[in-house]
Amino acid sequence: MSADLAREMEVLSSRLVDFVAPAELEERLLRARRESRPLRVKYGADPSAPDLHLGHVVGLNKLREFQDLGHTVVFIIGDFTARIGDPSGRSQTRRPMEPDEIVANAKTYQEQVFRVLQRDRTEIRFNSEWLAPLSFADVIRLAARVTVAQMLARDDFSARHAAGRAISLVEFLYPLVQAYDSVMVRADVEIGGTDQLFNLLLGRELQKSFGQPPQVVMTLPLLEGLDGVQKMSKSLGNYVALTEPPVEMFGKIMSIRDEQMWRYFSLVQGRPDDELQALMAEVAAGRRSPRDVKDDLARAIVARFHGAEAAEAASAEFARVFSRRELPSEMPEVRLDANELRDGLTLHALLVRAGLAPTHSEARRLIAQGAVELDGRRVSDPKAVVRPAPGCVIRAGRRGFARVA
RNA sequence: GGUGGGGUACCGAAGCGGCCAAACGGAGCAGACUGUAAAUCUGCCGACUCUAUGUCUUCGAAGGUUCGAAUCCUUCCCCCACCA
């Protein structure tokens, strides 16, 4: 093996959980170079959730590594299946989508994806291109290529089958669709999260059945979300979106558990293991505070998506509001009407007016719990009537601020 | 087609005539603490101008029985499994 190839293999195989099959990748890398034909690296995206988050970045990073070596990313937007939704009814999140909605999502998708990927080495494809023209007869012929035993090889399916729980036929069809995508784009490599392993492998099987060389399969770890336990996902609400404002993004990253930040360093920022070991040792020895290390992490991530300046500003803002308990540099304004200014209003009504509490009951709770301050003075009487002067700062909890206009 | 099991608040899951706005866990929120929106501890967690043995809405839907129903009855809708 040439030194070049060895280095490429080392880069490409970093951070992987599953890698099927390294020898095939070596072979393809060699041939790609010999024939000056870049590899086609497939990645599938679901347009039902247009908000990309840090969890997606884990996979995108790997794609970017391929691009940096001159290869092509084939980014597939699963518009066809999105149009149908998930009719099995077990997940409410997958309702059928309207075509314009899909187009709109696909567009925002692309904007976000190119914060990590190189545009000129990315091919964007919609799978309706080849799925929509299929007739039912075609689908049956396609289904004939895969056996139930192959399907039951998937842990999730066999476990549910064994437990006597339901498996919809559609659930067999969707992996098949994904596998067929691999055939249609002639994927050399496909990348996904560990939860995708089965689907990716089915792509190999189907490609073989179509007389194509089977794609190399790589899976990456699923990044844990803000709760530190479950994978980052939009439906769980434990995610950090790429489009999130810098200050929010920074704060959310600071809120992950200390032990969790190493995962973020590795998976999101792609920091090499030896560097992380050294950093962990420093923290363990008490030479560096975990807070500061996490601040580095948050700054690095924010800088990547919003620029270095925004990252520094976010860090400073965070220190101001949370470490020093000072006021944020900007806060929303509440405009009170003439009557309210003249006669005053109850504090809970003010909180609701300011958008700091969704209901009066909730506002009352915040007040009673000592979360509310007016111009820095805590007010804990839920019945308090106040007549705030213009410019008065209302604080509710650690993060809720508003200023009277 | 037959048999059995289900549908409870953001999620999971108890409750099976009053003590139920509904146990418990998770999520979320707040306070204390702190090195952070870490960890830990404590509290809150349907709404209502609400110091309450208060009012209203909520336990798949609609009716009914009862002084009183998430709990009983009827019909309906939906989900799941097993046997065919």
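**Exercise 1.** In what order do the 5 strands of the open sheet with β7 stand?

*Solution.* A word on the model first: it is predicted, so local features need pLDDT of at least 70 and side-chain atom pairs count only at pLDDT 80 or more, while totals for chains, interfaces and linings use all residues. Residues are numbered from 1 along each chain as its sequence is written, chains are lettered from A and ligands numbered from 1 in the order in which they are written, and side-chain values use heavy atoms, leaving out hydrogens and water.

Step 1: read off the order, β7-β13-β12-β9-β10, with mixed pairing. Strands here are DSSP runs of E, at least two residues, and helices are runs of H or I, at least four, both numbered from the N terminus; two strands pair if DSSP finds at least two bridges between them.

Step 2: look at the edges. β7 (333-334) and β10 (377-378) each have a single partner strand, so one side of each is left without a neighbour in the sheet.

Step 3: zoom in on one pair. β12 (residues 393-396) and β13 (residues 400-404) run antiparallel, joined by 4 bridges; R395 has F401 as its bridge partner in β13.

**Exercise 2.** Locate N127 and say whether it is buried or exposed.

*Solution.* Step 1: find the loop between β4 (122-126) and α6 (128-131); N127 sits there.

Step 2: check the accessibility. N127 has 2% relative accessibility, so it counts as buried (under 20% relative accessible area; exposed is over 50%, partly exposed in between; 1.4 Å probe, protein chains only).

Step 3: list its contacts (heavy atoms within 4.5 Å). Leaving aside residues up to four places away in sequence, N127 touches several residues, including I76, D79, F80 and D181.
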